[in-house]
Amino acid sequence: MEQTEKKIVKKKKKTRKLKLVAKISLVVILILLIAWAGVGIYMIQHKGNTVKLQEKGFAKEEIQDIQHTLREESIETLLTYDYHKTIVNIIKEKDFQETLLNRYLDFLSHYETASAHDIVFLVNHDQDKIAYTPDIHDILNHKNFQEKNLDRYLSYYQKYELDGDKVIVAVNSDLDKEDIVLDDTTSLFLGRTYTVKANLNRYQKYYQSHKNLDIDEIITRVNSNLDKEFYTNTQKADLSKGNLIIVNKFYYLSSSYVPSDLVTISSSYGRGQVKEEAYNAFIKMYNAAAKEGLYLYISSPYRSYSRQKSLYNNYVSKDGKAEADTYSARPGFSEHQTGLAMDLGTKSNHSIDDFEKSKEFVWTKEHAYEYGFILRYPKGKEYITGYIYEPWHYRYVGTEVAKYIYEHDITYEEYYEYFVK
Ligand SMILES: [Zn+2]
């Protein structure tokens, strides 16, 4: 009895096993069938697209490239466009993005001469609305092209319709920021030592009436405001520049301006008041000169607005306005009001008029810069400074700036416009 029961149980187990195997097999077969159908459909589609690409005019190698790079659905998109040999080059571009295929091909269909590189670059940067021209091509492929400037190149080009080379030069020089058109005249002024971009339009204008002048001379003159008359286009001096403030025939101080830290000069060094920092620098200079047996004297330092006013008015009544203007500043326009300027004499002769003939002058002329002073109104620069040569007038600007001005033989007008303003 027990044996028969065992047999029945065994049989039942066997039947269950068989059923399971059959089920699994069925599933496997189904999966294989679906896969086979898929591959089949794919093959048919693939084969179909190959034929269609051939019909479009693509060569065998081109079709290989296309099928190697694109998914079938992209190929179907591609098939809705006409054949163009640039299409394959677009696909091969290293920044090619399959999701943008439509836009590349749209752009190409509008501009058949566009290069694959230009198309991919413009579309990738959302610039496919641009009217493509050979100049755009020159811009994108220029050796000085900078990707970060793309939008600026394109808008400068659209605004002025200059050739690609000019657009690159102009934008790389930030001319677009100042709204300056780059023409043959502007180009003359680019890349010069003291070119101030904001002045380019003024250089251009000045050049028109001074074509005989050297380009650097035009830059010097315009930077020094010489394209304007003295005492015209005047503006308030920029007090925020501290020791580097400029006061001349274009920049003035208000009648109420008094420097904040004036100190009284000890009678061993001179008379009157100057700004403390300039005073300390002077004492150093004085001591260095004294070691050589030379003794400087500050004859005329800080002058108030009202003092300058009475001085100037006296000169005007004596010599007339035109003459007075060559050696005396109008009130508010005097550097002496800054507290940073001083007229020098010697200890034995306080007269500034005799200073040039002294040994002290010979020494000061060569060494003042080491202590932060510049000869403010040099010989030969009268037309720039607006003042006659003043061997006695020194201005404190600090040692670094004084050294530069001394070594480069420029006026403070030029220095200020280029480095300080
Ligand atoms: Zn002076």
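Which residues form a nonpolar patch on the surface, and about how much accessible area do they have together?

Modeller: Please keep in mind that this is a predicted model. The nonpolar patch on the surface is formed by Leu20, Ile24, Val28 and Leu32, and together these residues have about 390 Å² of accessible area. One of them, Val28, lies in helix α1, which covers residues 2-56. Val28 is partly exposed, because its relative accessible area is 41%, and partly exposed is the term for values between the limit of 20% for buried and that of 50% for exposed.

For contrast, consider Asp118, which is placed in helix α6, residues 116-124. Asp118 is buried and yet has no salt bridge, since the nearest side chain of opposite charge, that of Lys94, is 12 Å away. The side chain of Asp118 does make polar contacts: one with the side chain of His117 at 3.3 Å, and another with the side chain of Asn141 at 3.1 Å. If neighbours within four places in sequence are left aside, Asp118 is in contact with Tyr132, His137, Leu140 and Asn141.

A further buried residue is Leu213, which counts as buried because its relative accessibility is 18%, and which sits in the loop between α11 (200-209) and α12 (215-223). With neighbours within four places in sequence again left aside, Leu213 is in contact with Tyr206, Ile218 and Arg221. From Leu213 to His46 the separation is 167 residues in sequence and 74 Å in space, taken from C-alpha to C-alpha.

Note on methods:
Residues are numbered from 1 along each chain as its sequence is written. This is a predicted model: local features need pLDDT of at least 70, side-chain atom pairs count only at pLDDT 80 or more; totals for chains, interfaces and linings use all residues. Side-chain values use heavy atoms; hydrogens and water are left out. Patches are made of residues with over 30% relative accessible area and no salt bridge: like charges are joined within 9 Å, nonpolar side chains (Val, Leu, Ile, Met, Phe, Trp, Tyr) within 5 Å. Accessible areas come from the Shrake-Rupley method with a 1.4 Å probe; for residues, only the protein chains shown count as cover. A salt bridge is a side-chain nitrogen of Lys or Arg within 4 Å of a carboxyl oxygen of Asp or Glu. Helices (H or I, at least four residues) and strands (E, at least two) are DSSP runs, numbered from the N terminus. Buried means under 20% relative accessible area, exposed over 50%, partly exposed in between (1.4 Å probe, protein chains only). Lys and Arg count as positive and Asp and Glu as negative; His and the chain ends are not counted. A polar contact is a pair of N or O atoms within 3.5 Å; within protein, one must be able to donate a hydrogen and the other to accept it, and residues adjacent in sequence count only if both atoms are side-chain atoms. Contact means heavy atoms within 4.5 Å.
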